[in-house]
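Visitor: I'd like to learn how to read a model like this one. Could you walk me through it?

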Amino acid sequence: MALDDRESLEYRYDTQLLIDGHDLDEDEINDYFREHFKGDCLLAVGDDELIKIHFHTNEPWEVLKYCRSLGEIYDIVIEDMDRQSRGLKG
């Protein structure tokens with residue numbers, strides 16, 4: 001996605017990670033995200049032991065904090081989509 005000077009991203013950071021835990025509920029996680037975080041492109045899928053998160057937000061640290069409360073988090077990727085749109089490393 002190429003942005004010119006007149007356009008900007010509403011949510012800058014593409015945040016992705018895995019949650020390893022017990023009794024995880026993807027519906028509850030989806031609901032929590034929608035109620036507590038500003039962002040878009042939410043994907044929270046998996047089973048009761050492993051959930052994949054994908055979310056665009058301006059506050060990825062809040063996402064990490066919440067997800068860590070659910071279990072161990074790993075394969076964490078936070079990319080700056082604004083930088084990427086300008087041809088820079090995200």
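Guide: Gladly! Start with burial: in this predicted model, 34% of the 90 residues of the protein chain count as buried. The C-alpha trace spans about 45 × 25 × 20 Å along its principal axes.

Visitor: In what order do the elements of the protein chain run from the N terminus on?

Guide: The order is β-α-β-β-α-β-α, made up of 3 helices and 4 strands. Next, look at contacts: among those with a separation of 6 or more, 68% join residues 24 or more positions apart.

Visitor: How should I read backbone angles?

Guide: Most residues other than glycine have a negative phi. Asp-23 has a positive value instead, near 55 degrees. Asp-23 sits in the loop between strand E1 (13-20) and helix H1 (26-36).

Visitor: Is Asp-23 buried or exposed?

Guide: With a relative accessible area of 69%, Asp-23 counts as exposed, because the cut-off for that class is over 50%.

Visitor: Where is Cys-41 placed, and what is its phi?

Guide: Cys-41 belongs to strand E2 (residues 39-46), and its phi is positive too, near 60 degrees. The relative accessible area of Cys-41 is 44%, so this residue is partly exposed.

Key. Residues numbered from 1 in each chain as written. Predicted model: local features only at pLDDT ≥ 70, side-chain atom pairs only at ≥ 80, totals over all residues. Heavy atoms only, no water. Helix = DSSP H or I, 4+ residues; strand = E, 2+ residues; numbered from the N terminus. Buried < 20%, exposed > 50% of the residue type's maximum accessible area, 1.4 Å probe, protein only. Contact = heavy atoms within 4.5 Å.
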